[in-house]
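Here's a quick tour for anyone meeting this protein for the first time. Have a look at the sequence and the structure, then read on.

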Amino acid sequence: FNQNQNQLFTDKTIIRSINQTIDKERIVRDVLLGYGDIINGPIPPNMLKYQKLESENDIARQELLQKVQNNLSKDGWKIGADGFLEKTITEKKKKVTKKLEFSISTGNTEELVKTAELIKQDLATIGIKVEIKTFETGNLNQNVIRPRKYDALLFGEIINSESDLFAFWHSSQRKDPGLNVAMYTNTKVDKILEDAFITIDEQARIKKYIQFEDEIRKDMPAVFLYSPDFIYTVSKNLKNFEVGNIIASSEHYLNVYLWYTDIENVWKVFAK
């Protein structure tokens, strides 16, 4: 979320409502066909040692949506004539009607466009109006992401290692060519990331990243959606094929020297 572009995102009630309203299970099911994991924080599933177990949310979806609508209503948002939320505020001693609407900028790929459409549908059910803006990858990078010209950005982050968490969330990386596209600023998080980067002891480092994740969840600079599976199709007769977490294409064949399709057989008469 770009608070500089749209002041709505300074309101945590709105961000929390967006996060609770998006049906992440439906995105994984309908867009990824089940090949992915729901995520709720900045640390991806492949970095399991940093993950904290979360209690299951047993609230039925309709009950959750009603709770979200009640929270927005308490915050002064009411359904307007167009069917979307609005509220009247005073600016410079004049009453002004403020609309609860924003745009999502994303890449022109099937997965991202479908995801954006589902998000738009979900948010419309509680009265938040969303406009989807799609761009070819080159145009998105050069004219949208780099100059930070977006309300909300729907895009993926490739986390190769712990140092990438610094690149995506440290305040020094807010401006181009930095990768902190949420333009997130938190001096406590900066210190945590700096300390974790130079901490050799693994258990101490794990504690640092848990603190980092807690801060991100409190500040809500972004909504985290899913981590897609990498689908690797191989021949049925390929033996000893095992693949761990694949991040870059160069890792597809890390253990190729262990694969085989046939082995040599020795007739029993010649075997000891």
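Is Lys 98 buried, partly exposed or exposed? Bear in mind that this is a predicted model. Lys 98 has a relative accessibility of 30%, and buried means under 20% while exposed means over 50%, so Lys 98 counts as partly exposed. You'll find Lys 98 in strand β4, which covers residues 94–99. Leaving aside residues up to four places away in sequence, Lys 98 touches Leu 8, Trp 77, Leu 85, Glu 86, Lys 87 and Ile 89. Ile 210 is another story: 112 residues along from Lys 98 in sequence, with 37 Å between the two C-alpha atoms.

| Core | Size | Some members |
|---|---|---|
| Largest core | 34 residues | Ile 18, Ile 22, Leu 72, Leu 100 |
| Another core, apart from it | 17 residues | Ile 43, Trp 169, Ala 182, Tyr 209 |

Among the residues with the most contacts inside the largest core are Phe 102, Leu 123 and Ile 128. Several elements each supply at least two residues of this core, including α1 (12–21), α3 (61–74) and β5 (101–107). The largest share, five residues, comes from α4. Leu 100 has contacts beyond its sequence neighbours, including Ile 14, Leu 72, Gly 127 and Ile 128.

Tyr 257 sits in the segment after β8 (226–228). Its relative accessible area is 66%, so Tyr 257 is exposed.

Methods. Residues numbered from 1 in each chain as written. Predicted model: local features only at pLDDT ≥ 70, side-chain atom pairs only at ≥ 80, totals over all residues. Heavy atoms only, no water. Helix = DSSP H or I, 4+ residues; strand = E, 2+ residues; numbered from the N terminus. Buried < 20%, exposed > 50% of the residue type's maximum accessible area, 1.4 Å probe, protein only. Contact = heavy atoms within 4.5 Å. Core = buried A, V, L, I, M, F, W, Y, C linked by side-chain atoms within 4.5 Å.
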